[in-house]
Amino acid sequence: MKIYFFSKKTAEQTDVQKKIIKFLKESGVLVFSNLLERTRETDNLSFTNMNGLIVEGDDVVSEAGYFVALALAQEKQILYLLPKGFVLPDQLRFLLEDKKLKKFFHLAHYSPKSITDHLADFIDLTETGELRREVPTIKFTLRFTPRADRYLNWTCQRKNLAKADYLRKLIEEQIISDVDYQKFSKPESAQKDKE
Amino acid sequence: MKNIGKRIALVFAGGTVLSTAERLVVKTEADITPWLHKVPEIGIMSAIEPFFARGEYDDLAGPEFWQSLTEKIHKLLIDFDSVVVISSFSDVADNAIATTFALENLNKPVIFTGSLLPMFGHRSRNLDPIGLRANLINAMQAATMDLPAVCLAYGNCLIRAVKSGRGDVDSNNVFTSSDDKYLARVDFGISRHNDDTDEPEFIVNLKNNFVRNIVFLRYTPGLKIDIIETLLKNSAGLLIDNSTTELLPSFIQDLSLLNKPVTICNRFAKSVANGINLINLHGLTKETAYIKMCWALGQTTDFAELRSLMLNDLRGEFTSN
């Protein structure tokens, strides 16, 4: 997947810009950007070859308007990232209300902590056409025995995962592999299976 | 974000088919507003004002249309920073070439673009992703640049109109430059190339008289002068393209006896035909040579002046000067 990332060019990349590029690259995305040097491999490509556009910043230069317009003309997904507390420029506000264009234009207000969540969602959306990733919002207390806790510490350290992430992953895998639950959660397909 | 300072006039002259699925085209002036609602993204970039020149299926074309179109563009250049013309694919290059000659001392960008549909709508290739919307966005962006020239914006390049030629319709670039020089490339943004556009210091002059009765022939061995004489009876002049075949000396002799101006056009090599009425032209595309002759004969009927107009590089049209 190829994504064009547009942000204000300064003498040195900001922490946010670095974080966005790093996250996209680590997610397997081929990143093109006004902040990055062109390479021989990418020299024959153009914006038409991109799968999506990410714009970051509250003071992006006028060229961002061109990229947003071009992406909309070519029906590409756009993630417009603004720092929390900043408002969308007037010229783009209508995009959130236009029935057709709002399917492609996604506005997100980010904090340094939340920015990767927005990026992960956008990659999902661009790749599959739908948002698959769910944000864990249900909170409850779970008590473990000291032995189970020791095991969790041990295995999570080896896997370089937080304990909560490890447990969420286990349950996600269990959901996918549980045939009965799949039938239960998709009654129509379950019905067809029976037939 | 918007180039607030830039005001762009958007002229409608056909070529408004947005996609294979979209039926709304600009046939009359009343269609412009609903059509613009279909492409709201162009409003993100600059302040635009629409103008009507010709409907999607109008027959108006050639010298008559060039005169009305260039008059309109000339007026618009007074009040606007640039002009973008959406034109039918069938004659967009001709219209742009004619505009180049009609506007002397051009000091602002005049960008022609348009849809490839419906001309190639029957093709199996889906032209929608590289269609009018993207061309128009690129044209609008080019119109905000300091580019005093008449250009074509199609696919991923910006070409000086007088050097344009039809390319492969199955590639992204349906127009190519005759000398491989492009005013700009569209990749990630529009990258301006070094070029020979004039410094915009002058007032734009309108010189838009075009004659409409020039005979344009491609020379083939065996072509007889009596056929040409018949064709020339009601014509102002003859343009003969001999890019692929050398003219026979006896045929040149016959041409020199005609009482009408004859331009011998060879894109690759200069002919050496002698005669008071003969003009040996090379280094121009045949489309540009034809329109330049229509224009030059609209400026003068004097053979010497005509020769001077035809042989001098007036608008950067020569590829080998």
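Helices (H or I, at least four residues) and strands (E, at least two) are taken as DSSP runs and numbered from the N terminus. The model is predicted; local features require pLDDT of at least 70, side-chain atom pairs count only at pLDDT 80 or more, and totals for chains, interfaces and linings use all residues. Residues are numbered from 1 along each chain as its sequence is written, chains are lettered from A and ligands numbered from 1 in the order in which they are written, and side-chain values use heavy atoms, with hydrogens and water left out.

Chain A holds eight helices and five strands. Read from the N terminus, its elements follow the order β-α-β-β-α-β-α-β-α-α-α-α-α. Chain A has 195 residues, and 36% of them count as buried. Buried means under 20% relative accessible area, exposed means over 50%, and partly exposed lies in between (1.4 Å probe, protein chains only). The accessible surface of chain A is about 12,900 Å². Carbon and sulfur atoms supply 51% of that surface. These areas come from the Shrake-Rupley method with a 1.4 Å probe; for residues, only the protein chains shown count as cover. A contact requires heavy atoms within 4.5 Å. Of the contacts in chain A between residues at least 6 apart in sequence, 65% link residues at least 24 apart.

Ser46(A) sits in the chain A loop between strand S2 (30-33) and strand S3 (52-56). Its relative accessibility is 10%, so Ser46(A) counts as buried. With residues up to four places away in sequence set aside, Ser46(A) touches Val186(B), Asp187(B) and Phe188(B).

Two loop residues were examined for backbone geometry. Most residues other than glycine have a negative phi. Glu75(A), however, has a positive phi near 55°. Glu75(A) lies between helix H2 (63-73) and strand S4 (77-83) of chain A. Its relative accessible area is 45%, so Glu75(A) is partly exposed. In chain B, Asp180(B) also has a positive phi, near 60°. The loop holding Asp180(B) runs between strand S9 (175-177) and strand S10 (184-187). Asp180(B) is exposed because its relative accessible area is 62%.

Cysteines were considered next. A disulfide is a pair of cysteine sulfur atoms within 2.5 Å. By this rule, there are zero disulfides over all chains. Cys157(B) is in no disulfide, and the nearest cysteine sulfur, in Cys151(B), is 11 Å away. Cys157(B) is buried, at 3% relative accessible area. The sulfur of Cys294(B) has its closest cysteine sulfur in Cys265(B), 13 Å away, which is too far for a bond. Cys294(B) has a relative accessible area of 0%, so this residue is buried.
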